[in-house]
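Biologist: Please walk me through how to read the features of this model, one at a time.

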Amino acid sequence: MREPLIYEISSPGRAGVNLPECDVPATPLPKEYLREDLPLPEVSEVDLVRHYVRLSQLNYAVDTGFYPLGSCTMKYNPKVNEEAAKLPGFVQTHPYQPPDTIQGNLFLMYQLQEFLKEISGFASVSLQPAAGAHGELAGVLMIRAYHESRGDHKRTRMLIPDSAHGTNPASTTMAGYETVKISSDARGNVDLEELRAHCDDTVAGLMLTNPNTLGLFDEHVQEIARLVHECGGLLYGDGANLNAIMGIVKPAALGFDVMHFNLHKTFSTPHGGGGPGAGPVGANEVLAPFLPGPIVVKERVEEEPASDEEWEEEEMYYYHWQMPPSSIGRLKAFYGNFAVCIKAYTYIRMLGAAGLREVSENAVLNANYLLSRLKGVYPLPYNRTCMHEFVLSGRLPDAPDVHTIDIAKRLMDFGFHPPTIYFPLIVPEALMIEPTETESKETLDAFADALIQIAQEAKTNPELLHSAPHLAPVARLDEVLAARQPVLQCLK
Ligand SMILES: *Cc1c(COP(=O)(O)O)cnc(C)c1O
């Protein structure tokens with residue numbers, strides 16, 4: 001049964017609101033603005049509420065169930081973040097206001113820059129970019145600006161491991177570089193031999209995700225950094241997997257020169273439909289001057305202290321915007337996604353340093369627990385202790401007709417969002433599972449039980465998988481067409 005359209009529940013004379021008596025003289029609308037072909041639905045308040053709440057429930061959400069989408073870090077988004085973001089002092093400000101009227105906002109952004117510096121070990125952070133991919137573009141443009149500032153124009157190639165996210169080659173191409181693919185070795189690390197063979201004075205840098213998208217910590221990260229630096233290149237860090245290492249190791253200490261953060265992953269701000277994201281970039285001393293701007297800086301204010309003693313002890317600061325000296329420029333209107341910054345700041349303040357480390361420890365523990373329950377059941381191409389996620393294959397030896405897409409669709413019948421599938425590309429029929437730290441053992445067990453049952457069904461009743469999902473409002477969409485030409489009102 002499909003959900004009725006709002007017009008189909010319309011009944012003449014019903015109204016959802018009672019407007020107050022008009023207390024100004026009525027003026028007829030100009031004729032040219034009136035349309036005969038735009039009848040408004042007439043529905044009562046309760047019908048309207050039920051209509052939209054039912055529609056909202058057709059969507060799967062992290063607030064309704066487990067969402068183990070690998071690489072996406074679909075952790076629970078604490079509601080206190082939303083409370084903070086809607087405080088009137090934040091909501092009722094505008095980016096055109098002069099800095100002296102928004103010192104609180106600027107203080108928050110400054111502090112967030114400082115927190116991200118502390119977590120990553122970088123010298124400077126810009127909150128400008130609006131997403132991880134946007135941060136990548138910023139970082140690659142910074143690398144480019146750095147080489148050009150030294151008159152080094154021969155560097156035309158960016159090295160990218162074959163386990164990388166598709167946004168890495170996309171950002172590289174947008175920044176005008178040629179992408180060179182580097183293979184992974186049998187343990188899922190960057191193949192050092194192949195890397196050595198490519199290191200020369202045409203290399204602008206290497207983009208590395210660590211832990212990588214197999215959920216594995218590259219065991220040679222420092223050697224990789226050394227090789228890239230030795231040939232004059234720079235090391236870009238794709239920070240999407242920061243949730244595995246917060247408070248444990250600082251990416252700058254591993255040899256990265258520049259890295260993006262995904263606030264909507266690691267720092268619990270909503271993804272996609274829940275609001276925009278943010279992809280701040282951090283850089284070491286060498287690349288900091290090239291950061292996109294403006295960034296927030298503070299200045300000591302030498303003010304007459306107020307008469308009472310408490311005031312005298314406090315240092316006074318004035319916060320304002322500044323463009324880094326060799327900045328690649330602005331990447332976004334105004335100053336980044338401020339509301340997202342408030343949520344990430346709140347998350348960091350709620351947890352504190354010890355709490356952030358615990359987040360990563362539990363994210364890794366949860367992933368290894370799930371892995372230990374599933375590794376005898378589904379093939380595990382890289383059999384190592386994982387970080388915050390792991391990659392199985394849906395190619396079951398005793399069910400040759402069953403594909404990963406069937407397993408993913410069948411999982412929906414058990415009430416779970418499917419994991420990431422067919423990525424990373426180097427694992428055939430990949431099932432990429434990231435449970436995050438916010439899930440209980442009961443949830444992890446229920447998910448493992450479902451996947452174990454599905455592996456059994458694949459052998460005994462593969463048709464059940466081929467025809468899945470059986471309970472979802474829509475079943476198997478042409479995903480490309482669904483994104484390009486969405487038909488939103490026509491549900492099964
Ligand atoms: C999510 C992700 C990105 C891109 O980040 P967006 O915020 O989605 O633009 C890049 N690399 C990896 C490994 C990711 O998981």
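**Reading the model**

Biologist: Where do Glu230 and Arg226 lie?

Modeller: Both are in helix α8 (residues 221-230), four residues apart, which is about one turn of the helix. Helices here are DSSP runs of H or I of at least four residues, strands are runs of E of at least two, and both are numbered from the N terminus. Before we go on: this is a predicted model, where local features need pLDDT of at least 70, side-chain atom pairs count only at pLDDT 80 or more, and totals for chains, interfaces and linings use all residues. Residues are numbered from 1 along each chain as its sequence is written, and side-chain values use heavy atoms, with hydrogens and water left out.

Biologist: How far apart are the closest N and O atoms of Glu230 and Arg226?

Modeller: The general idea is that side chains of opposite charge can pair when their charged atoms come close. The rule used is a side-chain nitrogen of Lys or Arg within 4 Å of a carboxyl oxygen of Asp or Glu. Glu230 and Arg226 form such a salt bridge, with 2.4 Å between their closest N and O atoms. Glu230 counts as exposed at 57% relative accessibility, while Arg226 is partly exposed at 40%.

Biologist: Which parts does the salt bridge between Lys459 and Asp398 tie together?

Modeller: Start with the distance: the closest N and O atoms of Lys459 and Asp398 are 3.6 Å apart. Lys459 is in helix α14 (residues 441-460) and Asp398 is in the loop between β10 and α13 (404-413), so the pair ties together parts 61 residues apart in sequence. Lys459, at 42% relative accessibility, is partly exposed, and Asp398 is partly exposed at 43%.

Biologist: How many residues apart in sequence are the parts tied together by Asp63 and Lys79?

Modeller: Here the closest N and O atoms of the salt bridge between Asp63 and Lys79 are 3.1 Å apart. Asp63 sits in the loop between α1 and α2 (79-85) and Lys79 in helix α2, so this pair ties together parts that are 16 residues apart. Asp63 has 49% relative accessibility and counts as partly exposed; Lys79 is partly exposed too, at 39%.

Biologist: Now backbone geometry, please. What is the phi of Thr73?

Modeller: The background is that most residues other than glycine have a negative phi, and most peptide bonds are trans. Thr73 is not a glycine, yet its phi is positive, about 45 degrees. Thr73 lies in the loop between α1 and α2 and is buried, with a relative accessible area of 0%. Phe334 also has a positive phi, about 55 degrees, without being a glycine. You'll find Phe334 in the loop between β9 (317-322) and α12, partly exposed at 32%.

Biologist: Is His388 buried or exposed?

Modeller: Buried, with a relative accessible area of 1%. His388 is placed in the loop between α12 (338-374) and β10 (390-393). Its side chain makes a polar contact of 3.3 Å with that of Asn241. A polar contact is a pair of N or O atoms within 3.5 Å; within protein, one must be able to donate a hydrogen and the other to accept it, and residues adjacent in sequence count only if both atoms are side-chain atoms. Leaving out residues up to four places away in sequence, His388 touches Pro211, Asn241, Ala244, Ala363, Val364, Ala367, Glu434 and Pro435, where touching means heavy atoms within 4.5 Å.

Biologist: Last one: what are the domains of the chain?

Modeller: The domain assignment, which is an automatic or database one, gives domain 1 (1-18 + 41-56), domain 2 (79-305 + 313-349) and domain 3 (357-482). Taken over C-alpha atoms, the centres of domain 1 and domain 2 are 45 Å apart.

Key
Buried means under 20% relative accessible area, exposed over 50%, partly exposed in between (1.4 Å probe, protein chains only).
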